[in-house]
Amino acid sequence: MFLQCTPGNAPAKRPCDFCVHPAAAWSYPCRTIIREVVEGLQVIMAGPWHACAPCHRLIAAGKWAELRRRSLRLYRATHRPLTRAADTAIAADLAPLLHQFRTHRTGPAERIGGAS
Ligand SMILES: [Zn+2]
């Protein structure tokens with residue numbers, strides 16, 4: 001199937017995959033990631049990852065710890081109240097998730113919409 005995007009048929013805005021920002025500005029090509037989130041339950045993450053401008057700046061600068069703190073802070077603020085178990089699980093999962101992003105990324109970021 002071929003999907004043609006024109007200004008009158010612009011794709012819907014994508015949220016940032018690293019935080020909760022509703023409109024990503026950058027796209028990172030990435031191989032498919034298969035993650036076992038709990039025993040017996042796998043999540044398949046296929047296609048590019050999308051980042052808002054602040055997350056993109058942290059990725060470009062290699063500030064992974066800062067990106068992890070930003071993601072967790074914004075996730076907690078948006079999805080509260082979290083149970084203690086959920087909060088602990090999410091906090092523990094962020095570093096491995098960002099590591100998988102780094103190891104599965106296949107190229108440079110591209111500005112969504114083609115502008116630089
Ligand atoms: Zn973001």
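Guide: A residue counts as lining a pocket if it has an atom within 4 Å of one of the pocket's grid points. Please keep in mind that this is a predicted model.

Visitor: Which residues lie nearest the centre of the largest pocket?
Guide: Asp 17, Phe 18, Tyr 75, Leu 94 and Leu 97 do, out of 15 lining residues. The elements giving two or more residues to that lining are α2 (64-78) and α3 (84-104), and α3 has the largest share, with five residues. The volume of this pocket is about 340 Å³.

Visitor: What is the make-up of the lining by residue class?
Guide: Eleven residues are nonpolar, two are polar and two are charged.

Visitor: How do you know that the length of α3 agrees with its number of residues?
Guide: At 1.5 Å a residue, its 21 residues should span 30 Å, and the end C-alpha atoms are 30 Å apart, so the two agree. Even so, α3 bends by about 35 degrees at Leu 94, with Pro 96 following within four residues.

Visitor: Which residues of α3 are buried, and what do they pack against?
Guide: Among them are Leu 94, Leu 97 and Phe 101. The buried residues of α3 pack against elements including β2 (33-38), α1 (53-60) and α2.

Visitor: Why is Val 37 called partly exposed?
Guide: Buried needs under 20% and exposed over 50%. Val 37 has a relative accessible area of 42%, so it is partly exposed.

Methods. Residues are numbered from 1 along each chain as its sequence is written. This is a predicted model: local features need pLDDT of at least 70, side-chain atom pairs count only at pLDDT 80 or more; totals for chains, interfaces and linings use all residues. Side-chain values use heavy atoms; hydrogens and water are left out. On a 1 Å grid over the protein atoms alone, a cavity is a set of points where a 1.4 Å probe fits but cannot get out, and a pocket is an open set with protein on both sides within 12 Å along at least five of seven lines; lining residues have an atom within 4 Å of a point. Grid points are joined across faces, edges and corners, and a volume is the space filled by probe spheres set on the points. Ala, Val, Leu, Ile, Met, Phe, Trp, Tyr, Cys and Pro count as nonpolar, Asp, Glu, Lys and Arg as charged, and the others, Gly among them, as polar. The expected span of a helix is 1.5 Å times one less than its number of residues. The bend at a residue is the angle between axes fitted to the seven residues ending there and the seven starting there. Buried means under 20% relative accessible area, exposed over 50%, partly exposed in between (1.4 Å probe, protein chains only). Contact means heavy atoms within 4.5 Å.
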